[in-house]
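User: I am new to this structure and would be grateful for a close look at its salt bridges. Please describe the residues that take part and where they lie.

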Amino acid sequence: MSRLSAFNSPLLLGFDHFERVLDRVAKSQGEGYPPYNIEQIGENGLRITLAVAGFTMDDLSVATEDNQLIIRGRQAEDDCSRIFLHRGIAARQFQRAFVLAEGIEVCGATLDNGLLHIDLVRPRPEPKVKSIPIQGGGSNRTLDLSEQIVK
């Protein structure tokens with residue numbers, strides 16, 4: 001079964017990267033644990049806060065992989081000598097992924113009272129204006145793009 005894409009239009013050149021990002025986002029939406037908040041901090045800052053009660057700093061890892069922020073949690077194995085009469089607190093591992101826009105940088109992460117805070121900065125892009133010269137020539141003239149790409 002083939003899938004229709006919004007990026008199949010001949011007017012949208014070079015947007016295949018966005019299609020892959022949207023696929024990654026769609027795959028990660030099914031995750032519900034751990035719960036999280038995303039807040040804006042100042043003009044260019046973002047903070048992601050995850051509720052990770054019961055996890056220590058050694059149990060958690062934060063990394064960026066291919067424009068994704070990956071947070072993983074894995075608690076150490078329980079002591080076999082402990083006998084639970086009731087076990088209602090889940091000690092499960094998790095992985096939570098956030099797709100980052102181009103240019104967003106992770107500033108740091110802190111663990112405080114069961115909340116993992118990850119601070120991000122979104123730099124303001126400088127507006128770019130480029131004038132393209134128009135060259136004259138015959139109707140059969142083509143550009144040698146191999147030289148243009150090297151520059």
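Analyst: In this predicted model, the side chains of Arg124 and Glu43 form a salt bridge, with an N to O distance of 3.5 Å. The term denotes a side-chain nitrogen of Lys or Arg within 4 Å of a carboxyl oxygen of Asp or Glu. The two residues belong to distant parts of the chain, 81 residues apart: Arg124 lies in the loop between strand S7 (115–121) and helix H2 (145–150), and Glu43 in the loop between strand S1 (36–41) and strand S2 (45–51). Helices (H or I, at least four residues) and strands (E, at least two) are DSSP runs, numbered from the N terminus.

Arg124 is exposed, at 52% relative accessibility, and Glu43 is exposed at 56%. Here, buried means under 20% relative accessible area, exposed over 50%, and partly exposed in between (1.4 Å probe, protein chains only).

The whole structure holds three salt bridges. Another joins Arg47 to Asp119 through their side chains, at 2.7 Å from N to O. This pair also connects distant parts of the chain, Arg47 in strand S2 and Asp119 in strand S7, 72 residues apart. Arg47 is partly exposed at 26% relative accessibility, and Asp119 is partly exposed at 24%.

There is also a salt bridge between the side chains of Arg72 and Glu65, at 3.3 Å from N to O. Arg72 has a relative accessible area of 30% and is partly exposed; Glu65, at 35%, is partly exposed.

Residues are numbered from 1 along each chain as its sequence is written, and side-chain values use heavy atoms, leaving out hydrogens and water. Because the model is predicted, local features need pLDDT of at least 70 and side-chain atom pairs count only at pLDDT 80 or more, while totals for chains, interfaces and linings use all residues.
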